[in-house]
Amino acid sequence: MSINKVNTHIIPMEFQYHAPTTLAEASALLEKYGDEAKILAGGTDLIPHMKQRKVEATHVINIKKIPELACIKETSKGIEIGANTKLRAIELSPLIKEKTPLLSEAAATVGSVQIRNLGTVGGNICNASPSADMATPLLALDTVVNVYNREGSKDYTLEEFLHGRGEVKLEPGELLTGMTIPLQPKNAGMAFEKVGWTTFDIATVNVAAVLTLKDGKIDHCRVTLGACSPAPVRVYQAESILIGEEPTQELFDEAVYLIAACVEPRESWRRAPPEYRRKASQALAIDALTRSIEKARRLA
Amino acid sequence: MKIEITVNGRKRQFDVEPNKLLLNLVRDELHLTGTKYGCGIGECGACTVHLDGEAVLACMVLAVDADGKQVDTIEGVAEDGNLDPVQEAFIEEGAIQCGFCTPGFIMTTKALLKENPNPTEHEIREYLKGNYCRCTGYVNIINAVQSAAKKLQS
Amino acid sequence: MAFPNMLYGRVLKSPHAHARVRSIDVSKAEKMGAVTITPDEIPDVTYCPRLVSVPEATYKDWKVLADKPHYVGEAIGAVAAESEEEAQKALEAIEVEYDVLGASFDAFDAMKPGAEQVHDEIYLKDDLLKVENNIGCQLSITEGDPIALEEADVVIERTYRTNRRYHNQLETKSVVVRPEADGGISVWSTTQTIHNTRLLLHDIYGIPMGKIRVYKVALGGSFGSSIHVNPVVTIAVALALKSRRPVKLSYTREEDIRDHCAYQMIFKLKLGANKNGMLAGGRLEAYLDIGAHQIQAYPLLGCIVGWWVSLYKLPYKDYVGKAVYTNKVPSCAFRGYGNPQISWVVETMMDELAGKIDIDPLDFRLKNYIGEGDLFWGQGPSVKSIIQSCGVEEILTKGAEMVDWYNRPNPEEQTGRYRRGWGVGRGYHTSSAGAPVPSSIVDFGGAILKMNEDGTFDYISALMDHGCGTQEAHVKIIAEELQVPVNKVNIIRGDTGTTVYDVCTHASRGVYSGGGAALKVAMKVQEQIRSFAGRILDAYPHAVRIRYDEETDQTIIFAEGIEGREVSYREIAETARHKNWGTVASVESYRQPSCPPHFTGYFVNVEVDTWTGKVKLLRVVAGADIGTVINPLLAAGQVHGGFAQGWSMTTLEDMPYDPIDGDLVNRGSIANYKVPTTQDLLDVDDLTVFFADTYEPTGPFGAKGIGEGALNPVAGTVANAIQNALGVRFFQLPITPIRILEALKEKEE
């Protein structure tokens, strides 16, 4: 790409602007314009990417005017978060702080206050960035995502949705409407850890852990790892050796070894070599496990 | 496209292209040049304005998306020719060197103190971390925010 | 800034690191209504954009637009149109054909025989020179007997590599040029020197000097990146001359990051010491990876040896410095001008040497530092003077006490995940490039001060303030001399037509040298006021006294002890007008007789997470000897900012290149060039700044500079603290988490 096309003073391309007020309208526009259309949610990725010519669009579809897309509520199924919910709202939500505190913890690490006042949880996931700071904790919470389709809505597990090739599972005309975080086991301890080069940076590695203790042994357990492979992953091998065991340093050492084994960054990633990510993922996993155990103990 | 934005308390009508950024509308059409371009990609905070009362980056907002909203810039902070206590504190504490980041810092600080009138140093640092300053090492800025908090409380 | 009828410029940049432009087709852009410029439309002048040295020491290899671009991002053309959007479209419509040439991205590769030459020929003053092995210029110096080094008890030799840093000043390089009806131009640009800007534009475009007006504007930071005239300025002038309309050209961040950077240096240093704790001598080879053009790298070669030999006494010193062309963004001054780089090297090796001869590193420094009465040639071999004030001992001993230095941890005793260490480092910087005799560096300034008809004063100076509070300090100096409150001295923002020459705001000379000029005009003005007062009071001018009267808010001149013999500044000004005596005013130029070093010292405590490699700051104590502290709040602010930049230099910043396409690995995005946020430094109470009690006899009211000395020792200090925590030394900057984990792994093996 020529350096002469990039211009961050302006948006160096012309597009038609659409601001649908219903999901059906948005879906119809997406279907009509296909690849030429881009969804504008928070804009914190789309707009810089347009300036940098990483994205070319002739139609921009602003979905902020669709009221049902921004919400945080508790239902019988768990917590529902609309795709257009601002990261700042997730960070500050008393409900989320109470029920799934690692989500507020993770949201607070994204960018800055100004960015979180714009950026949305749906955007964070749909950009399918390997280092998306919301994807890793949502994965650890067994999140189910809700997709609108003209024929009806579809649900996927987040794992299915992030199918790992730098894109999410959305067909033409479909859009992410929100997600449901199932009720978490009582007394679950949760933690999110992240390392970047500064405190205002994307993750070089991030880790989330959710676990419970039963009779002093790990009962429910989820460990997820981000920024280390094309999409964040759940580390099943580590979970399986943790479950049913007493949390000891030796056990954690064994588990984080398995976590580090999942580190498979793309060759083109220049932030850090695989060795660094392996080593740091172990450190963050130890921290996340230790903190969630401590919390689980306190809650037990 | 025709839009209407309330800028620093005054309703204004504009006819803009969809790709016009709020930053450029404010700077070029309204000549409110206190809002600065620093990076264009959300890294520096120099373009911080308030959109419906919340601190956001004007370099990442389409002007058309601000239609019907309220935009406040650094130019609207002083009232009746008197500096705002946050502005006063920045001057008194030597928190300004080259001054290019200052409008952004003041806008973010105002948002912080509205939400949290008595922030700890850690809370101040966390809230301001999207505003970049190459000159001061932030020390006098943190002092200024603390001093502004005191002024506003008394 | 904006003017009616103004056009917006955009620059056509080379996507290749080295190429010859075979053709540029601007027809489509012009059809869109844009004004375009290409290399053959610009006067064929080869120049150097930095004019701080004499012509005999100035190498020239720049053109306004390159027909053979030498780095990715170099300007080969430009457009101007009614809006930035239209200019952008026109820019994208230009078609260019290139013959791509070989390129070098490393100084040592570039010096190899057979490497592609970045420049075949350049000029020194007006003489054509052939470039060999891509060495743009070089300097060597030897003093003393080499036997001192050869026979030293302990000798260490090491290679060090610094990072390539970007100034990241918050305001990108920008300019507005307005063509005037008389054939001249008016220029508003982000420069550190309005007069040198005028000089260069005169040299390139041949416009009579008096018809070029360069105006002072507020600068959004600079840190040395606009001592030279930035490419936006020379390009926008061409666009304005061709379009006959005002043109604004403001770089985007991604353009700015490909416009200037600090010098990356590779040092081979050999230092010897004897068991008695004294240094014996040293040998230094310095290789400057200057990028594609010289921005006066030659005086920098002199400064590097100067910085090196003026830190510690070296009975024998041998130096060779080479500035090497590579196909990268041209390097220019960056706060400290090579001093942060060489100080990191020397301060790292001082610790290592101290270990070898078993002396405390702090004591080793105290035994060897250069201080009062010693010869100082920080600004290079042509700028020598004797040090007349020095607070090094006070800084080091007081700081050591504050941090309980002698009880710091021993790295070998630490084995856990988190390890802590203390480091010490010291440094200094020159305040201006003044000296008792002329040198190859131009250093003088000037000022105008006049009394207004109401007894207030207008101060007019060409010296730019890029955020250090320099002008404010000048006002304080003038106010002190004239015994008036600071609000009686107005700063008039002048231009080249209304000010006298000042070389540039750089070299920490703003307060010392510029303030010297301010003091000189203030003294002259006081003399005239006394003379007028003498006439009014029928008193002897030299005998009257001056005091400020708070009640009337007037400064009064009076004959002490004699009732009724007093007159205010206001009355003097009024009388002078009514009686047609003329205006009280003074215009003076001033050259400082010396360039006294301001000294700094740091004590830094860090904690390293040996699992993630992250380094956290725990405590910083900074001591500074800046002579009389004129502006305490802003002087401390300079130290805070200097520390933050040094911390960033040590742990974060670098701009590697991708040899495949020759562009920066960060692709011009500062999302990939991280600098510390508010959260990446330390709490306010954990950072202590104190000033030594000194007085510089040559400075205005005893003052010296501070801007650069605040930064220079930081990298060495932080590196020593990391070493103290881990027992590992680093020979490459930055010391990133990645490098820390690699080094720890190596140490384990």
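Analyst: Happy to! Let's begin with contact: two residues are in contact if their C-beta atoms, placed from the backbone, lie within 7 Å. By that test, 28 residues of chain B are in contact with 31 residues of chain C. Please keep in mind that this is a predicted model.

User: Which helix gives the most to the side of chain B that touches chain C?

Analyst: That is H5(B), with four residues. Helix H4 (121–127) and helix H5 (139–153) of chain B each supply at least two residues of that side. Sorted by class, the side of chain B that touches chain C has 13 nonpolar, nine polar and six charged residues.

User: How many of the residues in strand S17 of chain C are buried, and what does buried mean here?

Analyst: A residue is buried if 20 or more other C-beta atoms lie within 10 Å of its own. In strand S17 (residues 316–325) of chain C, eight of the 10 residues pass, so the strand is described as mostly covered. Over the 749 residues of chain C, 61% count as buried.

User: How do you know which strands pair with S17(C)?

Analyst: Two strands pair if DSSP finds at least two bridges between them. Strand S9 (residues 135–143) of chain C is joined to S17(C) by eight bridges, therefore they pair, and they run antiparallel. In that pairing, C:Leu139 stands opposite C:Gly321. Strand S16 (residues 279–291) of chain C has 10 bridges to S17(C), so these two pair as well, running parallel. Here C:Leu288 has C:Ala323 as its bridge partner in S17(C).

User: Why is the crossover from S16(C) to S17(C) called right-handed?

Analyst: Picture the strands pointing away from you: a crossover is right-handed if the path from the first strand over the helix to the second runs clockwise. The chain goes from S16(C) through helix H8 (residues 297–309) of chain C to S17(C), and this β-α-β crossover is right-handed, so by that definition its path runs clockwise.

Conventions: Residues numbered from 1 in each chain as written. Chains lettered and ligands numbered in written order. Predicted model: local features only at pLDDT ≥ 70, side-chain atom pairs only at ≥ 80, totals over all residues. Buried ≥ 20, exposed ≤ 12 C-beta atoms within 10 Å, placed from the backbone. Nonpolar A, V, L, I, M, F, W, Y, C, P; charged D, E, K, R; others polar.
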